[in-house]
Amino acid sequence: MNILAPSILSADFGHLTDQIKETEKGGALWSHIDVMDGHFVPQISFGIPVIKSIRPQLPGLFFDAHLMVFEPETMIADVADAGADLITFHLEATEHPEKCIELIRNAGKKVGISIKPKTPVETVLPYLDQVDLLLIMTVEPGFGGQKYIEASNDRIREVRSYIDRNSLSVLVEIDGGVTLDNVEVPLEAGAEVIVSGSAVYKGDICRNTADFNAVLAKYS
């Protein structure tokens with residue numbers, strides 16, 4: 001089953017929980033939460049208190065926490081305690097990826113690893129037998145509303161081929177510039193978890209979510 005993970009970075013922060021609930025009404029099962037430190041990426045976004053505050057109000061949603069921070073190993077325990085279900089760290093952000101994987105596993109959470117658009121796919125392949133999800137960034141991380149990088153499709157195909165050849169149980173997630181107009185190409189390439197922010201949260205959130213899920217269902 002393909003999965004839509006609406007990115008709350010594009011939500012109205014003044015009505016955050018209400019807007020996330022609109023995605024639930026539209027059929028979303030996941031919520032994508034970007035945690036930014038202002039160093040690994042230029043922006044600062046959600047921290048531990050925000051995750052902790054919305055978790056009790058959204059008990060049915062799977063929290064997909066994306067750490068865009070340097071030295072993510074220092075934050076993993078707190079993100080886990082705040083209520084994340086899956087924690088994704090960037091390969092480029094740590095000198096200790098194995099430690100990050102171990103910390104997330106020991107916290108009882110699903111493990112994700114991510115690479116930026118210019119990071120060679122080959123660098124992450126050795127870790128795929130240790131994780132639950134690979135997040136391929138399809139824009140430069142840190143800002144919403146960017147245009148999808150078309151070269152990402154070949155990267156998705158390369159990863160999908162590697163996963164299938166090695167019979168690995170790893171979800172392929174993409175994040176950045178995904179809209180209803182372009183989502184079918186990465187789905188055809190092998191993406192399974194689709195992060196979308198602006199295309200979900202701008203306008204009728206419930207309808208936008210339902211429309212995305214209708215497209216995803218065709219490729220499940």
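Where does Glu 71 lie? In this predicted model, Glu 71 is found in the loop between E3 and helix H3 (76-82), where helices (H or I, at least four residues) and strands (E, at least two) are DSSP runs, numbered from the N terminus. Residues are numbered from 1 along each chain as its sequence is written, and side-chain values use heavy atoms, with hydrogens and water left out. Because the model is predicted, local features need pLDDT of at least 70 and side-chain atom pairs count only at pLDDT 80 or more, while totals for chains, interfaces and linings use all residues.

The model contains an open sheet formed by 8 strands in the order E1-E8-E7-E6-E5-E4-E3-E2, with parallel pairing; two strands pair if DSSP finds at least two bridges between them. E1 and strand E2 (30-36) stand at the edges with a single partner strand each, so one side of each is left without a neighbour in the sheet. On average, neighbouring strands of this sheet are turned by 25° against each other, direction ignored. For this angle, axes are lines fitted to C-alpha atoms, for helices over the stretch in contact, and angles run from 0 to 180 degrees between N-to-C directions.

Val 195 in E8 stands opposite Asp 175. E7, helix H6 (residues 184-189) and E8 make a right-handed β-α-β unit; a crossover is right-handed if, with the strands pointing away from the viewer, the path from the first strand over the helix to the second runs clockwise. Elsewhere in the sheet, strand E3 (residues 62-68) and strand E4 (residues 86-90) run parallel and are joined by 4 bridges. His 66 has Thr 88 as its bridge partner in E4.

Most residues other than glycine have a negative phi. Glu 71, which is not a glycine, has a positive phi of about 50°. Glu 71 counts as partly exposed, at 49% relative accessibility. A positive phi near 50° is also found at Ser 167, a residue other than glycine. Ser 167 is in the loop between helix H5 (152-165) and strand E7 (171-175) and is exposed, with a relative accessible area of 65%.

Thr 123 belongs to the loop between strand E5 (110-115) and strand E6 (133-137) and, at 34% relative accessibility, counts as partly exposed. The side chain of Thr 123 reaches the backbone oxygen of Pro 120 at 2.7 Å. Thr 123 and Glu 92 are 31 residues apart in sequence and 9.8 Å apart in space, C-alpha to C-alpha.

Conventions. Buried < 20%, exposed > 50% of the residue type's maximum accessible area, 1.4 Å probe, protein only. Polar contact = N/O pair within 3.5 Å; in protein donor to acceptor, adjacent residues only side chain to side chain.
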